[in-house]
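Hello,

Here is the structure for you to look over. My notes follow it.

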Amino acid sequence: QVQLVESGGGLVQPGGSLRLSCAASGGIFRINAMGWYRQAPGKQRELVATISSGGSTNYADSVKGRFTISRDNAKNTVYLQMNSLKPEDTAVYFCNADMVVNVGRGVYWGQGTQVTVSS
């Protein structure tokens, strides 16, 4: 069974930092691009950052200079280092991955992890 499992969310004060992790498992042959998205209450899900299999990155303007996406291909894991957090970063964060697995190619999503930035 293919799955993505996120961890690392929580409550942090404004200006603080969190590191999210997302590990993929289950019949994986190859992982292409991986990414992080977020959804705040009452808003649509939005792109936060993506990283290609070769390490090229892309960020939403709202997080540039504060967030860093990285991946460990040996561990099938993508990370999101979030610094200088703001209350507007509060959301459920989801990872996704474009993967070739035992049943074919598809885009898979994690279950989400809550990030709350509040004093």
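Gly35 has Thr50 in S5 as its bridge partner. The model is predicted, so to speak of local features pLDDT must be at least 70, and side-chain atom pairs count only at pLDDT 80 or more, while totals for chains, interfaces and linings use all residues. Residues are numbered from 1 along each chain as its sequence is written, and side-chain values use heavy atoms, with hydrogens and water left out.

Strands first. S4 (residues 28-39) and S5 (residues 46-51) pair antiparallel over five bridges. Strands here are DSSP E runs of at least two residues, numbered from the N terminus; two of them pair if DSSP finds at least two bridges between them. S4 and S5 make a hairpin with six residues between them. Gly42, in that turn, has a positive phi of about 75°. S4 also runs antiparallel to S9, joined by nine bridges. There, Ile28 stands opposite Val101.

Asn76 has phi near 50° and is in the loop between S7 (67-72) and S8 (77-82). Ser84 also has phi near 50°; its loop joins S8 and S9 (91-101). Asn76 is partly exposed at 25% relative accessible area, as is Ser84 at 41%. Partly exposed lies between buried (under 20%) and exposed (over 50%), with a 1.4 Å probe and protein chains only.

Last, charges over rings: NZ of Lys or CZ of Arg within 6 Å of the ring centre and within 35 degrees of the ring normal. Arg19 lies over the face of Tyr79, 4.0 Å from the ring centre. Arg45 lies over Trp109 at 4.7 Å.

Best wishes

Methods
Helices (H or I, at least four residues) and strands (E, at least two) are DSSP runs, numbered from the N terminus.
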